[in-house]
Amino acid sequence: MGGSLPPEVENLKAATKMDLSMNQFSNSIPREIGGLQNLVNLSLRHNKLQGSIPDSMSNMVGLEILDLSHNNISGTIPRSFEKLQYLKYFNVSYNKLYGEISSGGPFKNLSSQFFLFNEALCGSPRFSVSPCPISSKHRSNRKKILLFLLLGIALSFVPITFVLVWIRYKKGKRAPQQTDSSSIKTRERISYYELLQATDALSESNLIGSGSFGSVYKGMLRSRTPIAVKVFNLQLEAAFKSFDTECEILCNLRHRNLTKVITSCSNLDFKALVLEYMPNGSLEKWLYSHNYFLDIMQRLNIMIDVACALEYLHHGCSSPVIHCDLKPSNVLLDDNMVAHLSDFGISKLLGEDESDLYTKTLATLGYIAPEYGLDGLVSIKSDVYSYGIMLMETFTRRKPNDEMFEGDLSLKQWVSYSLPEAIVHVIDANLVTTQDNHLSKKLDCVASIMKVALDCGAESAARRIDMTDVVGMQKKIKIQLHAC
């Protein structure tokens with residue numbers, strides 16, 4: 001249903017509930033709607049309503065629920081709404097409202113989630129919005145006080161500063177100055193409102209991915225820096241832990257093949273990680289989407305990048321890190337097709353004397369090591385197993401839970417049965433042609449890659465090779481492939 005809401009709506013005097021959500025109503029809300037004083041529940045969410053909220057709605061004294069979310073409503077929230085003493089639910093999120101959110105009447109008990117994603121609402125910090133601008137009179141008084149304070153500080157510290165500069169000058173003449181190579185650039189601080197501006201209020205057109213605990217949006221900062229914003233779904237209790245885990249792990253790691261965290265944004269009702277944007281998307285996209293293709297060398301380079309990231313996590317950190325959820329969708333590619341391992345939401349840190357630990361959090365089926373799936377036991381060897389499965393998938397273009405595997409047959413068994421003579425039957429058909437002059441050598445290289453994958457995917461954790469050996473073996477295969 002579309003068009004405008006007619007002024008004749010005021011004739012429905014006896015109505016107590018009116019649900020007009022999920023339609024195409026446009027233009028403004030008619031002021032005549034304020035005559036429905038018996039209305040208890042009014043929902044106009046998910047329409048295309050514009051204009052301001054009519055002040056006459058404050059006459060709807062029986063209102064308990066008012067939902068105006070997901071529209072294009074602008075203007076301010078009428079202060080007269082403080083009269084609606086029975087109002088328990090007032091949702092105006094996803095609009096273009098501005099001005100102060102009242103703190104009186106029913107607004108004392110409303111959740112901050114009801115006001116999210118508006119242009120410039122301000123008010124109490126409990127609504128997760130910016131403070132409202134100070135009036136010109138107060139601003140003038142504050143300026144005077146600030147000037148007096150600065151003057152007092154200046155008079156006190158000028159003599160001290162002069163002495164310190166003189167001492168430093170004298171020292172400088174005796175010893176050459178050295179630059180501090182250990183200084184670290186302070187991370188750029190990004191506010192909640194900057195994130196909304198950068199992502200066009202988390203518009204669906206900027207959505208680039210979603211997972212178990214939230215969604216990822218592309219954004220552009222005012223500095224013209226592209227970013228990826230991972231917004232956590234706080235309706236899920238596990239999302240809080242996932243956010244804390246990613247912050248703890250990613251903010252303390254540095255490696256060219258790990259996703260770089262720019263900063264985070266966190267308050268009671270909103271948690272997000274701001275990440276370096278990867279313009280070429282995920283490995284999954286390149287494997288399974290039309291119009292995308294990776295040759296043998298590109299696939300090998302990507303998997304070497306992933307192996308290097310895991311080698312660093314397992315053996316290059318003071319406390320080993322277990323990723324726990326390796327799969328193609330968690331491998332992101334930058335503009336140079338360099339792979340970056342992402343999504344550390346269920347990762348685990350091993351203590352000094354720990355080689356494994358138990359968890360109740362299950363990762364993606366098909367990539368989970370046997371001991372992880374059966375007993376919840378994870379170790380760095382669990383990652384090695386997942387890497388082996390992903391390595392097979394990358395060169396066969398078959399998911400581990402592909403429907404073509406009937407009965408008890410798995411991707412690992414399918415690959416194992418093909419070695420070494422029938423490797424041509426399992427490799428991605430797009431990678432080789434019968435006219436290729438180096439077909440035999442390329443198939444030998446892929447067979448060697450599959451042997452590495454099977455060594456990673458051994459049923460027994462003790463029999464799996466470690467990521468340092470994987471990196472070395474893959475680099476040797478790369479040299480052989482270059483010779484083809």
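Trainee: How many cavities of 30 Å³ or more does the count come to by this rule?

Mentor: One, in a model that is predicted.

Trainee: What makes that space a cavity, and what is its volume?

Mentor: A cavity is a set of grid points where a 1.4 Å probe fits but cannot get out. The largest cavity has a volume of about 40 Å³.

Trainee: Which residues line the largest cavity?

Mentor: The lining is made of F115, L116, F117, N118, L121, F127, S128, V129, Y192, Y193 and L196. Helix α2 (residues 192–198) gives the largest share of this lining, three residues.

Trainee: F115 and F127 are both in the lining. Why is this pair of rings called edge-to-face?

Mentor: Rings pair if their centres lie within 6.5 Å, and planes over 60 degrees apart count as edge-to-face. The centres of F115 and F127 are 5.0 Å apart and the planes stand at 70°, so the pair is edge-to-face.

Trainee: What parts does the pair of F115 and F127 tie together?

Mentor: F115 is in the loop between β8 and β9, and F127 is in the loop between β9 and α1 (136–174), so the pair ties together parts that are twelve residues apart in sequence. F115 and F127 are both buried. F81, F90, F107, F115 and F127 form one aromatic cluster.

Trainee: How many aromatic pairs does a search of the whole structure find?

Mentor: Ten. One of them joins Y89 and F114, with ring centres 4.6 Å apart and planes at 55°, so this pair is tilted.

Trainee: Where do Y89 and F114 lie in the chain?

Mentor: Y89 is in strand β7 (residues 89–91) and F114 is in the loop between β8 (96–100) and β9 (120–122), so the pair ties together parts that are 25 residues apart in sequence.

Trainee: Why is Y89 called partly exposed, and what does F114 count as?

Mentor: Buried means under 20% relative accessible area, exposed over 50%, and partly exposed in between. Y89 has 28% relative accessibility, so Y89 counts as partly exposed. F114 has 13%, so F114 counts as buried.

Trainee: What about L443: why is it called buried?

Mentor: L443 has 13% relative accessibility, so L443 counts as buried. L443 belongs to helix α9 (residues 439–456). Leaving aside neighbours within four places in sequence, L443 is in contact with I423, V424, I427 and V432. L443 and E421 are 22 residues apart in sequence, with 9.4 Å from C-alpha to C-alpha.

Trainee: What makes a set of residues a nonpolar core, and how many residues has the largest one?

Mentor: The members must be buried, of nonpolar types such as Leu, Tyr and Met, and joined through side-chain atoms within 4.5 Å. The largest nonpolar core has 87 residues, and L313, L341, Y387 and M450 have the most contacts inside it. Helix α5 (residues 296–315) gives the most to this core, with 13 residues. Another core, of 53 residues, lies apart from it, and its members include L5, L121, V231 and I262.

Trainee: Which residues does L341 touch?

Mentor: Not counting residues up to four places away in sequence, L341 touches N257, L258, T259, A309, L310, L313, H323, L326, N330 and V331.

Trainee: What makes a space a pocket, and how much space lies in the largest pocket?

Mentor: A pocket is an open set of points, whereas the probe cannot get out of a cavity. About 850 Å³ of space lies in the largest pocket. Its lining has 37 residues, with S210, V216, S329, N330 and D343 nearest its centre. By class, this lining has 14 nonpolar, 15 polar and eight charged residues.

Trainee: What lines the second largest pocket?

Mentor: This pocket holds about 600 Å³ of space. It is lined by 19 residues, and Y94, F117, D200, A201 and S203 are the closest to its centre. The largest share of this lining, three residues, comes from α2.

Definitions and conventions:
Residues numbered from 1 in each chain as written. Predicted model: local features only at pLDDT ≥ 70, side-chain atom pairs only at ≥ 80, totals over all residues. Heavy atoms only, no water. Buried < 20%, exposed > 50% of the residue type's maximum accessible area, 1.4 Å probe, protein only. Helix = DSSP H or I, 4+ residues; strand = E, 2+ residues; numbered from the N terminus. Contact = heavy atoms within 4.5 Å. 1 Å grid on protein atoms, 1.4 Å probe; cavity = no way out; pocket = protein on both sides within 12 Å on 5 of 7 lines; lining within 4 Å. Points joined across faces, edges and corners; volume = space filled by probe spheres on them. Phe/Tyr/Trp six-rings, centres within 6.5 Å; stacked < 30°, edge-to-face > 60°. Nonpolar A, V, L, I, M, F, W, Y, C, P; charged D, E, K, R; others polar.
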